[in-house]
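Thank you all for coming. I would like to take a few minutes to walk through one protein model, for those who have not seen it before.

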Amino acid sequence: MAELKYQIRARHTDSTVTVYQAYAPEIGVPAVREGRFPATWKRDRMTWIKPSFLWMMYRCGWGTKEGQETVLAVEISREGFEWALKHACLSHYEHGLHVDRPTWKRQLKRAPARVQWDPERDLHLQPLPHRSLQLGLAGEVARLYADEWTVSITDITPLAQTIHAHVQDQDLDAARRLLPRERLYPVNEEVLAHLHQRAPIEMVSKER
């Protein structure tokens, strides 16, 4: 069976799913200490959550980019996560999926969440053939994420730094052993049908 191009892989339990974000210490440190996002976390702005650890490492440069030095694993309710997916709109127009561009623009403007599919990354942060989910939450849904859906917040900056050090030392086996155990997220395909065109990938590149 061909592997799907669009996949959600994540750490998850029966009731929660783990997503990743990275912030400056003035946001990340109190979030970890209090187990919730502090009042200074802007609840009226769009926030992007990523179930893929390695895509988050690509985005934040293993926690080295300015303003992204504190890497967080945020455990949230699956109920909230799947509600956001169900009500999300794809962030770009796609012919054959949307009726037309004006209709897509109206849907995007009204949607409380939006989805981007970005190439998944390997340990060298190089792109892989299959795509990984980014979920953007806006307005009231961002507040729900911060204040109601969040179950726990963990600082995984030391983990990111350790894995990165192994990669720099070319010890990919050691790096791979420390990666969070992400597996295919069991969401009904009907929930995702409006977010991508079903497509297999011809092959998956091998880690070098």
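I will begin with the nonpolar cores and then turn to a threonine and the cysteines.

Please keep in mind throughout that what you see is a predicted model. As general background, nonpolar side chains in soluble globular proteins tend to be buried together. In this model the largest nonpolar core has 37 residues, and the members that touch the most other members are Phe 37, Leu 85, Leu 135, Leu 137 and Tyr 145. Helix α5, which covers residues 139-149, gives this core its largest share, namely six residues. There is also a second, separate core of 19 residues, with Met 56, Val 71, Leu 172 and Leu 179 among them.

Let me stay a moment with Phe 37, whose contacts, leaving aside residues up to four places away in sequence, include Tyr 23, Leu 72, Val 74, Tyr 145 and Ile 153, but also Gln 21, Arg 43 and Thr 150.

Now to the threonine. Thr 103 lies in helix α4, which runs over residues 101-110, and Thr 103 counts as buried because its relative accessible area, 16%, is under the 20% cut-off. Its side chain makes a polar contact of 2.6 Å with the side chain of Asp 100, and another polar contact, of 3.2 Å, links the side chains of Thr 103 and Arg 106.

Finally, the cysteines: how many disulfides does a search of the whole structure find? The search finds zero.

How values were computed:
Residues are numbered from 1 along each chain as its sequence is written. This is a predicted model: local features need pLDDT of at least 70, side-chain atom pairs count only at pLDDT 80 or more; totals for chains, interfaces and linings use all residues. Side-chain values use heavy atoms; hydrogens and water are left out. A disulfide is a pair of cysteine sulfur atoms within 2.5 Å. Helices (H or I, at least four residues) and strands (E, at least two) are DSSP runs, numbered from the N terminus. Buried means under 20% relative accessible area, exposed over 50%, partly exposed in between (1.4 Å probe, protein chains only). A polar contact is a pair of N or O atoms within 3.5 Å; within protein, one must be able to donate a hydrogen and the other to accept it, and residues adjacent in sequence count only if both atoms are side-chain atoms. A nonpolar core is a set of buried Ala, Val, Leu, Ile, Met, Phe, Trp, Tyr and Cys residues joined through side-chain atoms within 4.5 Å. Contact means heavy atoms within 4.5 Å.
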